[in-house]
Amino acid sequence: MDALDSVVDPLRDFARDSVRLVKRCHKPDRKEFTKVALRTAIGFVVMGFVGFFVKLIFIPINNIIVGSS
């Protein structure tokens, strides 16, 4: 019976914690949603520019390395 309890108890605790989390969650209002969406969009744009500039820098370096062969 101890082997069964060692499997069931963590699952029961996880289910209890999950229910508690869902009960505490709330739907964001328009202001909160707009703030989160704007910050996420800014993050996407910044990461896009970082990737673009890294690619822009490494294309000539790659051509120098590969072109010299």
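Asp-17 and Arg-20 both belong to helix H1, where three residues, or about one turn of the helix, separate them. In this predicted model, the two residues form a salt bridge in which the closest N and O atoms are 3.3 Å apart. Asp-17 is partly exposed, its relative accessible area being 43%, and Arg-20 is likewise partly exposed, with a value of 48%.

The count of salt bridges comes to three. In another of them, the side chains of Arg-16 and Asp-13 meet with an N to O distance of 3.0 Å, and these residues are also placed three residues apart in helix H1, about one turn of the helix. Arg-16 has a relative accessible area of 44% and is partly exposed, as is Asp-13 at 37%. A salt bridge also joins the side chains of Asp-9 and Arg-12, at 3.2 Å from N to O; because Asp-9 and Arg-12 are three residues apart in helix H1, which spans residues 2-24, about one helical turn lies between them. Asp-9 is partly exposed, with a relative accessible area of 34%, and the corresponding figure for the partly exposed Arg-12 is 47%.

Aromatic contacts were examined next. A pair of aromatic rings is described by the distance of the centres and the angle of the planes. The count comes to two aromatic pairs. The ring centres of Phe-49 and Phe-53 are 6.2 Å apart and the planes stand at 20°, under the limit of 30 degrees, so this pair is classed as stacked. Phe-49 and Phe-53 both lie in helix H2, four residues apart, which corresponds to about one turn of the helix. For Phe-52 and Phe-53, the ring centres are 5.5 Å apart and the planes are at 65°, over the limit of 60 degrees, and the pair is therefore edge-to-face. Through these ring pairs, Phe-49, Phe-52 and Phe-53 are linked into a cluster.

Terms used. Residues are numbered from 1 along each chain as its sequence is written. This is a predicted model: local features need pLDDT of at least 70, side-chain atom pairs count only at pLDDT 80 or more; totals for chains, interfaces and linings use all residues. Side-chain values use heavy atoms; hydrogens and water are left out. Rings of Phe, Tyr and Trp (its six-membered ring) pair if their centres lie within 6.5 Å; planes under 30 degrees apart count as stacked, over 60 as edge-to-face and the rest as tilted. Helices (H or I, at least four residues) and strands (E, at least two) are DSSP runs, numbered from the N terminus. A salt bridge is a side-chain nitrogen of Lys or Arg within 4 Å of a carboxyl oxygen of Asp or Glu. Buried means under 20% relative accessible area, exposed over 50%, partly exposed in between (1.4 Å probe, protein chains only).
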